[in-house]
Amino acid sequence: MARALWKGAISFGLVHIPVEMHTAVREHDLDLSMLDKRDFSPVGFKRYNKGNGKEVSWENIVKGYEYQDGEYVVLSEEDLRQANVKATQTIDILAFVDAGEVPLIYYDTPYYLAPGRGGDKVYALLRETLRKAGRIAIATVVIRVRQHLCALVAAGDSIIMNTLRYAEEIQDAEDLQLPASGMKAAGISDKELKMALSLVEGMSEPWAPEQYRDTYKEDVLALVKKKIKAKQTKTITMPSKEGAKAPAGNVINLVALLKQSLGAKGGKAASAKDAEDEEEAVPPVSPRRSRQSAPPESRARRARTGSAPAEKERRHK
C-alpha cells in the first residue's frame, strides 16, 4: 500500500492505539484537459505574485491568515501543529453511538486505519469491541489544517475512519417542495404500494459491487475512439437545435407503468404479476360448461400433442 497520509493514534479514555491513515478510495474521473479553442493548445495556470505579476515557485510559497484587509499572519506547518499538538496527532473518540442513528447525508470520505508499530493487539481490541457492541465511534481528527468530525467503523479486519459533515454544513430541506408524509396524504393507493413492493422484491439481489461500473466513462472513451478514427479530433460538436429533453413524469396511470415494469424485470415480480393478471382475466367456469368439458385423459393427451379435438377430427376425415 502507498505511503501513509497521516500517522498518529486513536485515543479513548486512557487507551492510545498507534495508527496510520491510508486512502480508501480511488478516483477514476475522466482526465479532460482544458484547451484554447483557437489553436487547441493546453491551457496552463500560474501561481503569481499579485503585487508584481511575477510567477512564484513552490519553495517561496507560505500560508497566511488575513486578519484584516491586505494584512496577513504567516502560519508555518510548525505553527499549525503547535496550535494544538494533541489534535493534530490524535483521533480523539468522543462517544459511541448506533450506526443507524447517523443519517447517510453526514458521511463524507472514507479512510483505512492500519495499526502502527506495536499497536496490533489494541487495534484488534477496539475493532472487536465495536463489532460486538454494534456501535461506531464518533471522534475528531485534524487533517492538514481542518478539524473533521469522523466515525470509526469496524469493517472486516479493518477499522474505517469516515469523515463526517458537521450539522451546520447540512442544508435544511424545509424549503423544498416535497410530497406530504404518509400514503393517504401523498395520494398513494394500497394497490400502487403493493405493486411497487412487488417490483422491489423482483429486483432485489445480494450486494455485489463488482458488477457495477462507470458505463458513461466507457461511452465517452468510445466516442473519443470514433472521432479519432473519423479524423474529427479538432471538430467541435455544437448543441442540437432540439436539445436534450428531460423525461416527463407520468402520473396519469401509475398502476399501468408498474405493471409494465414488473413484466420487463421478470423473476419473482413478474410471476406475481402474471398470477394476479390470470386471476383477474380468467372468468369463473359455469357448471354447465364444466359438464361439457373433455375428460381428464383427453385433456392430458391434448396437452402432450398441442392439438385441439376439432383439428384432430378434421385430419381423420
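A: On a 1 Å grid over the protein atoms alone, a pocket is an open set of points with protein on both sides within 12 Å along at least five of seven lines, and its lining residues have an atom within 4 Å of a point. The model examined here is predicted.

By this definition the second largest pocket has a volume of about 320 Å³. Its lining consists of 13 residues, with Leu 5, Trp 6, Val 142, Ile 143 and Arg 144 nearest the centre. At least two lining residues come from each of β1 (6-12), α1 (77-82) and β9 (135-143), and α1 gives the most, three residues. By type, this lining has eight nonpolar residues, one polar and four charged.

The largest pocket holds about 700 Å³ of space. It is lined by 21 residues, and those nearest its centre are Leu 32, Ser 33, Leu 35, Lys 227 and Thr 233. The largest share is that of α6, with six residues. In this lining, 11 residues are nonpolar, five polar and five charged.

Helix α6 itself covers residues 215-229; at 1.5 Å a residue its 15 residues should span 21 Å, and the end C-alpha atoms are 21 Å apart, so the two values agree. At the N-terminal end, Asp 214 caps α6 through a side-chain oxygen 3.3 Å from the backbone nitrogen of Tyr 216. Just after the helix, Lys 231 has a positive phi of about 55 degrees.

Notes: Residues are numbered from 1 along each chain as its sequence is written. This is a predicted model: local features need pLDDT of at least 70, side-chain atom pairs count only at pLDDT 80 or more; totals for chains, interfaces and linings use all residues. Side-chain values use heavy atoms; hydrogens and water are left out. Helices (H or I, at least four residues) and strands (E, at least two) are DSSP runs, numbered from the N terminus. The expected span of a helix is 1.5 Å times one less than its number of residues. A polar contact is a pair of N or O atoms within 3.5 Å; within protein, one must be able to donate a hydrogen and the other to accept it, and residues adjacent in sequence count only if both atoms are side-chain atoms. On a 1 Å grid over the protein atoms alone, a cavity is a set of points where a 1.4 Å probe fits but cannot get out, and a pocket is an open set with protein on both sides within 12 Å along at least five of seven lines; lining residues have an atom within 4 Å of a point. Grid points are joined across faces, edges and corners, and a volume is the space filled by probe spheres set on the points. Ala, Val, Leu, Ile, Met, Phe, Trp, Tyr, Cys and Pro count as nonpolar, Asp, Glu, Lys and Arg as charged, and the others, Gly among them, as polar.
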